[in-house]
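Have a look first, then read on.

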Amino acid sequence: MSIKVILDADVIADFYKDNRTGIFRVTLAFFRELSKNSTIETFYSHLSVLNNETSTKEINDFFSDHSISIKEANQRYRRVFLPFRKEKLFRHFYNRRGIYNYKNVHLEEIFRKAEIFHSFYYPINNEIRKYGNLKKIVTVHDLIPILFPELHFNATLIEKIIESIGEDGYAICVSENTKKDLLNYAPHINPDHVFVNLLAASESLFYVCKDVDKFNSIKEKYNLPEKYFLSVGTLEPRKNVDFVIRNFIRVIKENDINDLGLVLVGAKGWDYDKIFDEYNNAKELKDKIIITGRVPDEDLASLYSHAHSFYYMSFYEGFGLPPLEAMQCGVATVTSNTSSLPEVVGDAGIMLSPDDDELLYQTMLDLYVNENVRKEYAKKGLERSKLFSWKKSSDELVAIYQQIINL
């Protein structure tokens, strides 16, 4: 008999309209695969732990548009009548009483018969706690805001996520390193209730793309040079992008290199001033650095595939998807040797200390000068990337569900 699982769709509801974060993409990939898995029966809930205003009808339409077949476990809709809902005083009064513009109606038969409730990010919703039949699981992506408050701005949500696991709940971590961090930080959590489920990169978005016409249009769109180093990620202190900029400038300056650029792909994040200070310090070489901002999904494979080499010198990652995306696109990959990144890259990439300027400088120069070394790492990365897929991750997740049911 198949396991009945309720998947929390709050991340999808909160981000599908515009800001499609990494966690949104991960959650959507799991929804797509799990809804096709014949060994489990899947439903989704949208209770909105943040009380955001998205209905289950909107989510149903989104799933339908993306060919995901999954039924709702609750109905969420806008209240037809709420007196003076726009008045600040009344709104404050309603919120204190737990009354919001949107109302949830549980489909009790589903909630009572399901065996697992799985949140892919947010804390376990208090409304779920009344169902003693449900094994409650939350995915923990990282503890970075707690471990490195100087590299992040808000640890409160992560603290709430961990608190919501409690002593009888279950956690699924996206790497062995994150599992270690979680158990160190929260020793009250039963280690037998903590599992590891590695992520993957989309095969439809990240692939070796040698389409010349496509790349010509991409080059024109972003004003790219013929040869470029690439870095992808939010422009924020943790990603250590200023370190990459500094050493790139040194490489081209000290070796009189004229045919190489640095392309930085990613949205501005928290406290990005340091990155732009390094960029502005480049002075006459600033035209060698292209900052694209966030780019559409359909441009990524071409951007990755045509890069000379890829650099991801982040101080700390819960998993670290961009290096896997780069390897899947057949690009020689250089990463930090910290946190979870060795689990992703293995021996298929070059791993360095994220604060060793000499080593990064020398690696950049070696890859630029030695085409054979660059090609060798590109080949190794492509082979390594075949160990990861969303089908494999989802199958392993279902196996974890089965273990939890039997505990």
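## A buried helix to start with

In α2, the residues Phe24, Val26, Thr27, Leu28, Ala29, Phe30, Phe31, Glu33 and Leu34 are buried (under 20% relative accessible area; over 50% is exposed, and partly exposed lies in between, with a 1.4 Å probe and protein chains only). Before going further: this is a predicted model, where local features need pLDDT of at least 70, side-chain atom pairs count only at pLDDT 80 or more, and totals for chains, interfaces and linings use all residues. Residues are numbered from 1 along each chain as its sequence is written, and side-chain values use heavy atoms, with hydrogens and water left out.

Helix and strand names follow DSSP runs numbered from the N terminus (H or I, at least four residues, for helices; E, at least two, for strands). Helix α2 covers residues 22-34, 13 residues in total, and spans 18 Å from first C-alpha to last, close to the expected 18 Å (1.5 Å times one less than the number of residues). So what covers its buried residues? The cover includes the elements in this table.

| Element | Residues |
|---|---|
| β1 | 3-8 |
| α1 | 10-15 |
| β2 | 40-45 |
| α3 | 56-65 |
| α13 | 321-328 |
| α17 | 390-406 |

Now the sheet. Six strands form an open sheet with parallel pairing, in the order β12-β11-β10-β13-β14-β15; two strands pair if DSSP finds at least two bridges between them. β12 (289-293) and β15 (350-352) sit at the edges with a single partner strand each, so one side of each has no neighbour in the sheet. On average, neighbouring strands are turned by 20° against each other, direction ignored.

Strand β14 (residues 333-336) runs parallel to β15 and is joined to it by 3 bridges; Ser336 has Leu352 in β15 as its bridge partner.

Leu324, Met327 and Gln328 of α13 meet Gly381, Leu382, Arg384 and Ser385 of α16.

Terms used
Contact means heavy atoms within 4.5 Å. Axes are lines fitted to C-alpha atoms, for helices over the stretch in contact, and angles run from 0 to 180 degrees between N-to-C directions.
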